[in-house]
Each structure stands twice: as C-alpha cells, then as structure tokens.
Amino acid sequence: MVVGVCELQLLLHEVFSLKEKRSIIKRLTGRVREKFPVSIAEVGDNDIWQRSRIGFAVVGNDRAFVNGYMDTVIDFIETLYLAEIVDQHIEIISFNV
C-alpha cells in the first residue's frame with residue numbers, strides 16, 4: 001500500500017473577509033472531490049483572509065501511480081484559477097504488509 005499526502009499553501013487574491021475565503025475554499029475542495037476520489041480539506045491558516053493551507057491524500061498500490069495522480073490533482077487545482085499555489089509539500093509513504 002502506498003499513501004501520498006500533499007499540503008498546498010494557497011494565496012487568495014482580492015479576498016477581504018473570512019466569508020469570501022471560506023466560499024472559495026469550499027468551491028475549490030468541492031470541485032476536486034467531484035473530479036477525483038481524494039480526501040481533501042483545509043488544514044491551516046483558517047483565520048487569515050488571503051492565505052489557506054489545504055491537504056489531500058491519495059492511496060494506491062503503486063508509487064509511480066500515486067505520485068502521478070497527485071501531480072494531476074495539483075495541475076487541476078491550478079487550472080481552477082481560484083487561488084495561487086505558493087508552496088507545496090508532498091510525502092509518499094510505502095507500507096509493506
């Protein structure tokens with residue numbers, strides 16, 4: 001079993017309230033969930049208007065597949081143009097059972 005975990009730091013331009021931020025993050029995570037079977041959530045910077053950290057996880061049986069799938073999800077998030085990805089951290093863990 002291979003587990004891939006990704007944390008993205010996002011910059012939200014022209015957001016002036018937490019309500020606007022939450023709306024954008026909800027839209028972003030919802031679209032990702034509709035297109036990909038991943039677990040995704042806001043994991044940090046909850047009270048900062050123009051920043052957010054989201055995390056998502058992918059599980060599979062092949063390291064190359066998980067890595068490629070995570071890249072596909074990141075590319076999709078970029079094409080939404082809802083937020084700018086300013087930093088990303090990916091970790092892939094293999095479990096031999």
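Two strands pair if DSSP finds at least two bridges between them. Helices (H or I, at least four residues) and strands (E, at least two) are DSSP runs, numbered from the N terminus. With these terms, Gly4 stands opposite Val58 in S3.

This is a predicted model, in which local features need pLDDT of at least 70, side-chain atom pairs count only at pLDDT 80 or more, and totals for chains, interfaces and linings use all residues. Residues are numbered from 1 along each chain as its sequence is written, and side-chain values use heavy atoms, with hydrogens and water left out.

**The sheet**

- Four strands form an open sheet: 4 strands in the order S2-S3-S1-S4, with antiparallel pairing.
- S2 (39-44) and S4 are the edge strands, and each pairs on one side only.
- From one strand to the next, the twist averages 20°. Axes here are lines fitted to C-alpha atoms, for helices over the stretch in contact, and angles run from 0 to 180 degrees between N-to-C directions.
- In a regular strand the side chains alternate between the two faces of the sheet.

**Strand pairs**

- S1 and S3 run antiparallel and are joined by 10 bridges.
- In this pair, Leu8 stands opposite Ile54 of S3, and Leu11 has Arg51 of S3 as its bridge partner.
- S1 also pairs with S4, in the antiparallel sense, over 10 bridges. Leu8 has Gln88 as its bridge partner in S4.
- S2 and S3 run antiparallel, joined by 5 bridges. Gly44 has Arg53 of S3 as its bridge partner.
- The hairpin of S2 and S3 has 6 residues between the strands, and Asp45 takes a positive phi there, near 55°.
- S1 is largely enclosed by the rest of the structure, because 7 of its 10 residues are buried. Buried means under 20% relative accessible area, exposed over 50%, and partly exposed in between (1.4 Å probe, protein chains only).

**Helix H1**

- H1 has 18 residues and reaches 26 Å from its first C-alpha to its last, close to the 26 Å expected at 1.5 Å a residue. The expected span of a helix is 1.5 Å times one less than its number of residues.
- Its buried residues are Lys21, Ile24, Ile25, Leu28, Thr29 and Val32.
- Seen down the axis of H1, these buried residues fall within an arc of 120°, so they line one face of the helix. The arc is that of the directions from the helix axis to the C-beta atoms.
- Lys19, Lys26 and Glu34 are exposed on the other side of H1.
- The buried residues of H1 pack against S1, S2, S3 and H2. Contact means heavy atoms within 4.5 Å.
- H1 lies across S1, S2 and S3, and runs at about 155° to S2.

**Helix H2**

- H2 (residues 63-80) has 18 residues, which should span 26 Å at 1.5 Å a residue; its end C-alpha atoms are 26 Å apart, which agrees.
- Val66, Met70, Val73, Ile74, Phe76, Ile77 and Leu80 are the buried residues of H2.
- These residues cover an arc of only 155° around the axis, which puts them on the same side of H2.
- They pack against S1 (2-11), H1 (18-35), S3 (51-60) and S4 (84-94).
- H2 lies across S1, S3 and S4, and runs at about 165° to S4.
- Tyr81 follows H2, with a positive phi near 55°.

**The nonpolar core**

- A nonpolar core is a set of buried Ala, Val, Leu, Ile, Met, Phe, Trp, Tyr and Cys residues joined through side-chain atoms within 4.5 Å.
- The largest nonpolar core has 27 residues, of which Leu8, Leu10, Leu28, Val32, Ile54, Phe56 and Ile77 touch the most other members.
- S1, H1, S3, H2 and S4 each supply at least two residues of this core. H2 gives the most, with 7 residues.
- Leaving aside its neighbours within four places in sequence, Val32 is in contact with Val38, Ile40, Val73, Phe76 and Ile77.

**After the last strand**

- Asn96 lies in the segment after S4.
- Asn96 is exposed, with a relative accessible area of 80%.
- The C-alpha atoms of Asn96 and Trp49 are separated by 42 Å, and the two residues are 47 residues apart along the chain.
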